[in-house]
Amino acid sequence: LAYAEALKASAEARQEATVRRETLNRTLNLHGAATAWALPDRLPDLPPERPVLTDVEGYTVTHSPTAHAGRAKPDQLKEGITLRSEVRQAYSRMLIAYDVARYQRDVVMPLIQAALEETQLNYNAMLGDVYELIDTTREQIQAGKEYVTSLAEFWVAHADLTHKLGGRWPEHGPAASQMAL
């Protein structure tokens, strides 16, 4: 049963990867040979510190191409308000994704590892059965998947915010050097 579930999960993951890849290809207007791009084998780690930007709205208004394009339009005020709201939302989304990924990495994963080690000791001492060990191993695998998902959500939110900031992060502040990837 575990093998069958793993096989099914693998097929579903491949399907999801194909859907996301093709969505990105459409978003970037890629076709033909340009769709043969490759990603690294793993996501970058979380930055060591929580990213902090001061006056994210002000930076966006002065650096975003959307803000500059809006200056020529009569409804500039509405577009400016919308842009400021979108950048606040993107910044909040990125911070929350960072916090979730860090919690998963620093709290949940070590707890699951400790539980697995205890279950392994109980199994070795013949105090537990193999099914408990399998269940705990599944929990560890699930926690690992959740960490990778949360890490991916952070980097997607980071990319979205970077886009809204005009393609680059402010050059000042403690987060500038670690976040301008």
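Lys164 and Asp160 both lie in helix H5, 4 residues apart, about one turn of the helix. Helices here are DSSP runs of H or I of at least four residues, and strands are runs of E of at least two, numbered from the N terminus. The side chains of Lys164 and Asp160 form a salt bridge, at 3.5 Å from N to O. A salt bridge is defined as a side-chain nitrogen of Lys or Arg within 4 Å of a carboxyl oxygen of Asp or Glu. Side chains of opposite charge can pair when their charged atoms come close. An α-helix has 3.6 residues a turn, so residues three or four places apart point the same way. Lys164 is buried, with a relative accessible area of 18%. Asp160 is partly exposed, at 23%. Buried means under 20% relative accessible area, exposed over 50%, and partly exposed in between (1.4 Å probe, protein chains only).

The model is predicted: local features need pLDDT of at least 70, side-chain atom pairs count only at pLDDT 80 or more, and totals for chains, interfaces and linings use all residues. Residues are numbered from 1 along each chain as its sequence is written, and side-chain values use heavy atoms, with hydrogens and water left out.

By the salt-bridge rule, the count comes to 12. One of the pairs joins Arg138 to Glu5, with the closest N and O atoms 3.8 Å apart. This pair links distant parts of the chain: Arg138 lies in helix H5 (residues 130-164) and Glu5 in helix H1 (residues 2-27), 133 residues apart. Arg138 is partly exposed, at 34% relative accessibility. Glu5 is also partly exposed, at 39%. Asp135 joins Glu5 and Arg138 in a network of salt bridges.

Arg88 and Glu57 form a further salt bridge, at 3.3 Å from N to O. Arg88 has a relative accessible area of 41% and is partly exposed. Glu57, at 21%, is partly exposed.

Nonpolar packing was examined next. A nonpolar core is a set of buried Ala, Val, Leu, Ile, Met, Phe, Trp, Tyr and Cys residues joined through side-chain atoms within 4.5 Å. The largest such core has 20 residues. Those with the most contacts inside the core are Leu53, Val56, Tyr91, Met94, Phe154, Leu161 and Leu165. H2, H4 and H5 each supply at least two residues of this core. The largest share, 8 residues, comes from H4. Contact means heavy atoms within 4.5 Å. Leaving aside neighbours within four places in sequence, Leu53 is in contact with Tyr91, Leu161, Leu165, Trp169 and Pro170. In soluble globular proteins, nonpolar side chains tend to be buried together.

H5 has 35 residues and reaches 51 Å from its first C-alpha to its last. This is close to the 51 Å expected at 1.5 Å a residue, the expected span being 1.5 Å times one less than the number of residues. Just after H5, Gly166 takes a positive phi of about 95 degrees.

Overall, the protein has 6 helices and 0 strands. Of its 181 residues, 26% count as buried. Among contacts between residues at least 6 apart in sequence, 74% join residues at least 24 apart. The protein exposes about 12,300 Å², of which carbon and sulfur atoms supply 59%. These areas come from the Shrake-Rupley method with a 1.4 Å probe; for residues, only the protein chains shown count as cover.
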